[in-house]
Amino acid sequence: MISHESIIKHVTGESVYINDLNFGESLLHGYVVYSKIAHGLIRSIKLEKAKSMTGVKAILSYREIPGVNQMGPVVHDEPCLAEKEVHFIGQAILLIAAESLDIAHEAAKSVQIEYEPLEVINNLEDAIKKNNRLHPPRKIECGNISSAFEAARNILEGTLFTGSQEHWYLETQTSLAVPGEGNEIILYSSTQHPSETQAIVAEVLGIPRKDVEVEVRRMGGAFGGKETQANHYAAWSALLAKATGRPVKIHLNRDDDQICTGKRHPFHSNYKAGFDKAGKITALDIELNSDAGSSTDLTMAILERAMFHVDNAYFIPNLRVIGNTWKTNHPSNTAFRGFGGPQGMAVIENIIDRIGRFLKKDALEIRKLNFYKSESENTTHFGQKVENNRLDLLFEQLVKSSDYHKRREQINRFNQFNPFVKKGLAMTPVKFGISFTTSFLNQAGALVNIYQDGTVQVNHGGTEMGQGLHTKILSIAASELGIDPEYIKVNATSTSKVPNTSATAASSGSDLNGMAVKYAIEKLKSRLIPIAVKLLDEENPNTKLVFINNQVYNPIQSDTKIKFIELVQKAYLSQISLSATGFYKTPDIFYDKAAAKGRPFHYFAFGMAVSEVLVDSLTGYVKVLRSDILHDVGNSLNEKIDRGQIEGGFIQGLGWMTTEDLKYDDKGNLLNHSPDTYKIPTIQDIPDDFRVEILKNAPNSNTIMQSKAVGEPPFMLALSVWLAIKDAISAVGDHKFEPAFSLPATNEVIISSIEKINELNKKSFHGLHQSEDHY
């Protein structure tokens, strides 16, 4: 098994990031002057003092943009630089280039901007009240929910708020622009989407894309935060580079990064569920309300995926989901691991949990009862059949390996004798669709070059952000060519090598780019095989040869072999091209948005987790005692990397669901924009007992090496921790009352919920005694 291709470089400090690139004294430092108010008109800007400072080389406003003043990736509703009005704190107004970052900072401080404040819409609730819509509602519906609710024996209604989340990648937003001759410009950008960055920069500069090259060696994390919003910093550095004729780097400090960038979309969801006496859900009506922030960005695609995943792992014959998007005066919210899936799944998992409490049953039973089946009850609300369903297999194995039922009994006994400390236990599944829901994005290209010394350079359109994509591509190329990985280099991603690529997102990096690389290598092998047949003196030109252990031979007559390098040299002398492109598009996917039906996903990834927590009812402190995960990755391309993604995704999900709580004042200022006040998970938050297993013997047909995507699905497995906390809170009232609950389940949320249960306990106690006195 190949180790991460950059692991040695990372630990020795040899890995090169954008901030490590050295352009000597010619390099200028860029700085973004941004709005300090959430909404207002720009009345005046005074630049005289800043312009007169020694070392300041350029100060640009929207007037100096040679192309289009727009950066919206889907809808042009996001100006590159503010013109007359600002819509959030952090919106770019001016760009400064200077000889040093300190000079740029001093220049920014001397800029005087006069604003006329306007009304601020600071949260989702206010946006809904003021009907401040972003786009018209979307709807997906199946069955007949009106009839189903009329026939339902039991009905539960409620609301759920799921909060925002900061990406907190280790490498903040960074771009280095280097002007060339004529219109040419090279961008070294920390972007997940080089082709879109290329397009935005070209548009802002008013030049064709052929003159813009974007290169990405690696990113220090991204998690969706660099899918579209890295474009901003590339465009701004490019504008400054063009204006000065010198390389310009923009690199944000942590505070500015958190203040200026978009987050995970907060959702306020309303629901109504009908179910029978066993807990089988017969009707479900959900309204999702998404806080888009100030502009569109990827909001509509994120909303759509949330709507696709409100069913999670459960067959619901009569379901309607309506999605609304609302504008607030915050930075435009954007892609984040799960891309709407977590917000949608949280709703249905909370409903399942409520049904269990209502019926006085373990929610585990309710989940099992409502799972999608294999032969029937296997079609989603958007019309896609759930194929190769792993839910029952995962459930059976995990219930046994986690010793769920025994631990449930032990926890119940513990809670009976411990009034102030409670334990909770929950199992939650994940069924996550793999593909871009915008169907045309499901394509990828590759360029593979073989050199005369037998070494190979692989270029593909995916980007490396620490997730191990290049390592998986390396292993695919080595396997297809039958040579050792040391002879192969996976090159930096460049728009000049592979054009018109899609973002490395939607967990599809290996699926798409792996196939493109495979197809390119198949072309090369088809050219090499006729040469090998001659060299091996094979009589049949159609002899099937194998490429293994740096050699090529006929497996039936394996005594005669030719070295790969010798074959390559002979091919070159025979004037055979040793360079090939590969292209792949995901087959059989489509979605009709008007009909809200189709097959938007190539397949589903499945996973399941059981988590046990300890909650201090006096302080709200939570300790995750144990988490058991069983996850479906098909035939793993690299178990070490897949395990790392499962563990990392789960812990990042744990942060969203427990500690990561963004706080704003009434003027729209983000109050916790640094690690001392914004609490991402630390090593102390990892479960004391953390058991992660990969489902064995579960190949996935029609994908690269029968594998499955693994980047996003594990994030939602942390819902098991969130609901285990709720289970512990519920134990305070002996599971008689439904806890008031939201996400994240911070200490404050936990204490508030427990206080409300204690009040209900008191009322119930007094009511019981009044009843006894009456009789």
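This is a predicted model: local features need pLDDT of at least 70, side-chain atom pairs count only at pLDDT 80 or more; totals for chains, interfaces and linings use all residues.
Local features need pLDDT of at least 70 and side-chain atom pairs count only at pLDDT 80 or more, while totals for chains, interfaces and linings use all residues. Residues are numbered from 1 along each chain as its sequence is written, and side-chain values use heavy atoms, with hydrogens and water left out.

**Cores**

The largest nonpolar core has 101 residues. Such a core is a set of buried Ala, Val, Leu, Ile, Met, Phe, Trp, Tyr and Cys residues joined through side-chain atoms within 4.5 Å, where buried means under 20% relative accessible area with a 1.4 Å probe, protein chains only. L288, M427, W722 and I725 have the most contacts inside the core. Leaving aside residues up to four places away in sequence, L288 touches residues including F267, L303, M307, V310 and V347 (contact: heavy atoms within 4.5 Å). Apart from this core lies another, of 45 residues, with L474, A516, L524 and L536 among them.

**Helix pairs**

Helices here are DSSP runs (H or I, at least four residues), and strands are E runs of at least two, both numbered from the N terminus. Axes are lines fitted to C-alpha atoms over the stretch in contact, and angles run from 0 to 180 degrees between N-to-C directions.

| Pair | Angle | Axis distance |
|---|---|---|
| α6 (194-205) and α7 (230-244) | about 40 degrees | 9 Å |
| α17 (639-658) and α18 | roughly 40 degrees | within 8 Å |

The angle makes α6 oblique to α7, oblique being what remains after under 35 degrees (roughly parallel), over 145 (roughly antiparallel) and 65 to 115 (roughly perpendicular). Residues E196, T197, I200, V201, V204 and L205 of α6 meet N231, A234, A235, A238, L239 and K242 of α7. By class, this contact has eight nonpolar, two polar and two charged residues; Ala, Val, Leu, Ile, Met, Phe, Trp, Tyr, Cys and Pro count as nonpolar, Asp, Glu, Lys and Arg as charged, and the others, Gly among them, as polar.

For the second pair, α17 is likewise oblique to α18. F650, L654, M657 and T658 of α17 contact L719, S720, V721, W722 and I725 of α18. These residues divide into seven nonpolar, two polar and no charged.

**P714**

P714 lies in the loop between β29 (689-694) and α18 (719-732). P714 counts as buried because its relative accessibility is 0%. Beyond four places in sequence, P714 touches H631, Q645, I646, G649 and F650. P714 and A605 are 109 residues apart in sequence and 9.6 Å apart in space, C-alpha to C-alpha.

Technical notes:
Buried means under 20% relative accessible area, exposed over 50%, partly exposed in between (1.4 Å probe, protein chains only).
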